Amino acid sequence: MGASGWWAVRIYTTKTDTHGDGHYSFHIFDTQSAYVSSIVWGGVIDGWGAGVENVNGMIGSSPDGNYARLHGESYPDVAAIIGKMSSQQSGTNHIYVHAYLPTGTNAYVAVYVSQNNNYDWTLVNGLNIAGSSTPQTIDFGTTTVNFRYVCVCLMVYIQVYFDVDCLISS
Ligand SMILES: [Ca+2]
């Protein structure tokens, strides 16, 4: 899908002859973007210097300047947040993370999806992200895995933090 922008909405129409009388009804299915509506878990997966703060900052359907922070000090620090999406996701979905990473820093961030949050995680993409002076929308690409849960994971090689404002599936 050529999803463009933050409020991308996909609308599908089907034409059905409900009564078999030659009169057609049009049905419109609005599969508006889903977002993280609650936090399941946030914490340290590995290492001594990793941490997570303000996990609820990742909740919400659009950027609001309230960020969840993932951070670490050195390899092999790994910090992660697991969120539950506002609706079940199926078919092909495009994952965007609105985040802030300071200019001059780099972070390796991976996004995983899961249907049950029970050892069924699938990697969507892992990206080496360069910081910038303003928040950025990071395109993690598409997944065809059915999912209800997402995990944003920061894997640290040098001291860094990564602030997540929201995650959208569209
Ligand atoms: Ca936010």
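Biologist: In which sense do strand E8 and E11 pair, and over how many bridges?
Modeller: Strand E8 (residues 106-114) and E11 pair in the antiparallel sense, over seven bridges. Strands here are DSSP runs of E, at least two residues long, numbered from the N terminus. Two strands pair if DSSP finds at least two bridges between them. This is a predicted model: local features need pLDDT of at least 70, side-chain atom pairs count only at pLDDT 80 or more, and totals for chains, interfaces and linings use all residues. Residues are numbered from 1 along each chain as its sequence is written.
Biologist: What stands opposite Val152 in E11?
Modeller: Val111 does.
Biologist: How does strand E6 pair with E11?
Modeller: Strand E6 (residues 78-89) pairs with E11 in the antiparallel sense, over eight bridges. Ala79 has Leu154 in E11 as its bridge partner.
Biologist: How many residues of E11 are buried?
Modeller: Eight of the nine residues in E11 (residues 147-155) are buried. Buried means 20 or more other C-beta atoms within 10 Å of a residue's own; exposed means 12 or fewer, partly exposed is in between, and C-beta atoms are placed from the backbone.
Biologist: New topic. Where is Tyr35, and why does Tyr35 count as buried?
Modeller: Tyr35 is in strand E3 (residues 34-46). Tyr35 counts as buried because 21 other C-beta atoms lie within 10 Å.
Biologist: How far apart are Tyr35 and Ser61?
Modeller: They are 26 residues apart in sequence, and 5.2 Å apart in space, C-alpha to C-alpha.
Biologist: And the whole protein: how many helices and strands?
Modeller: Zero helices (H or I runs of at least four residues) and twelve strands. Of its 170 residues, 35% count as buried.
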